[in-house]
Amino acid sequence: MKKHNFYAGPSVLNRGVIERTADAVLNFADMDLSLLEISHRSKQFQAVMDEAVATFKELLDIPEGYEVLFLGGGASLQFYMVPLNLMGKKAAYLNTGTWSTNAIKQAGFVDKVFGTETVVVASSEDKNFTYIPKNFTIPEDVDYFHYTSNNTIYGTEIRKDFDCKVPLVADMSSDIFSRPVDVSKYDCIYGGAQKNMGPAGTTFVVIRKDALGKIDRPLPTMLDYQTHVKKGSMFNTPPVLPIYTCLQTMKWYKEMGGVKAMEQRAKEKADALYTEIDRNKLFRGTVEAEDRSRMNVCFVLNDEYAELQDDFFNFATERGMVGIKGHRSVGGFRASLYNGLEMESVQALIKAMQDFEKKH
């Protein structure tokens, strides 16, 4: 039986990407050695790093003056590195879910140590993060405005680059390469790779070089972006296998037509599933329609059918659906439609929902 992988992360990857990675694990670059056992400073892996950086810049049309880094620690480490490196006096944050809440908390630690100020300009916590706040004001006296573009747990997404007079910083862990981005508006874009780029183990950071070196405070070597810029992500041993897989994913994006093609695929998949959720008498979406994520589709059974939750989960599992259980803080169901997921899997889930409706 074919498996349809809706896990929220680590998540589905293109099959060809997995196969090329498996080949490299056995014999990398015709060296008769595994990618897992060669030096990260070998010319063969340096070529991988160079191509990964160049391809990332090409896909997002990144202008001059930016560096692309591949680091460890996940987006969670970036929650602290960003304010540590970029917040001189004050920073503004938008709170739209669990991960932005965590980012705000980490910025608060910088406040306590260095006397900076983190302000939350708006929050959707009042309605359990089921919408994106509107009509808020971004202060002009801050060093940057931070937001999380896609909320994997609650299923909301911001698909625009804010127009404001201060630099933007964004956690794009789960929707990177799913739409074009005007990188020139940002001082920093970061994210874990394990949703739309590759396996867990590496973190991408796009950083504006002239935003660095302005903070008058001592920075730990490993937490200083300039350390990694100067060393080309090779200050310490990088996560070689995840970076290799990220490169293969980005090459696949190019083969498929680039970011605009990925955006069209994302729209088609999400539209198809949301249309079924809205039509089906058993189910309903959990967030405001205008703020629905294309990457993480969250839905529940209507109240009168709530007792069928386990039945539907088992019904879908028997048909090859994997990873559709909602996050524990939300419940219900979540189908993650990342770039590597094919429309065939979305159609299989829709068919399962329709068959379950007929049964009940």
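Helices (H or I, at least four residues) and strands (E, at least two) are DSSP runs here, numbered from the N terminus. You are looking at a predicted model, so local features need pLDDT of at least 70, side-chain atom pairs count only at pLDDT 80 or more, and totals for chains, interfaces and linings use all residues. Residues count from 1 along each chain as its sequence is written, and side-chain values use heavy atoms, with hydrogens and water left out.

**Stop 1: Lys90**

Select Lys90, which sits in strand E3 (residues 90–95). Lys90 is buried, with a relative accessible area of 18%; buried means under 20%, exposed over 50%, and partly exposed in between, using a 1.4 Å probe and protein chains only. Now show side chains: those of Lys90 and Asp141 are joined by a polar contact of 2.9 Å. That term covers a pair of N or O atoms within 3.5 Å; within protein, one must be able to donate a hydrogen and the other to accept it, and residues adjacent in sequence count only if both atoms are side-chain atoms. Who else touches Lys90? Leaving aside neighbours within four places in sequence, Lys90 is in contact (heavy atoms within 4.5 Å) with Glu117, Val119, Asp141, Val142, Asp143 and Tyr144.

**Stop 2: the sheet**

Switch to cartoon and follow the open sheet of seven strands, in the order E2-E10-E9-E8-E5-E3-E4, with mixed pairing. Two strands pair if DSSP finds at least two bridges between them. At the edges are E2 (66–71) and E4 (117–123), each pairing on one side only. Neighbouring strands are turned by 15° against each other on average, direction ignored; axes are lines fitted to C-alpha atoms, for helices over the stretch in contact, and angles run from 0 to 180 degrees between N-to-C directions.

Next, pick E3 and E5 (residues 145–148): they run parallel, joined by two bridges. Ala92 has Phe145 as its bridge partner in E5.

**Stop 3: the helices**

Select helix H4 (residues 98–114), which packs on the sheet and touches E3, E4, E5 and strand E8 (168–171). The direction of H4 makes about 160° with that of E3.

**Stop 4: around E10**

Move to E10, where five of its six residues are buried. On one pairing, E2 and E10 are antiparallel over six bridges, and Glu67 stands opposite Ile207 in E10. Strand E9 (residues 186–192) also runs antiparallel to E10, with five bridges; Tyr190 has Val205 as its bridge partner there.
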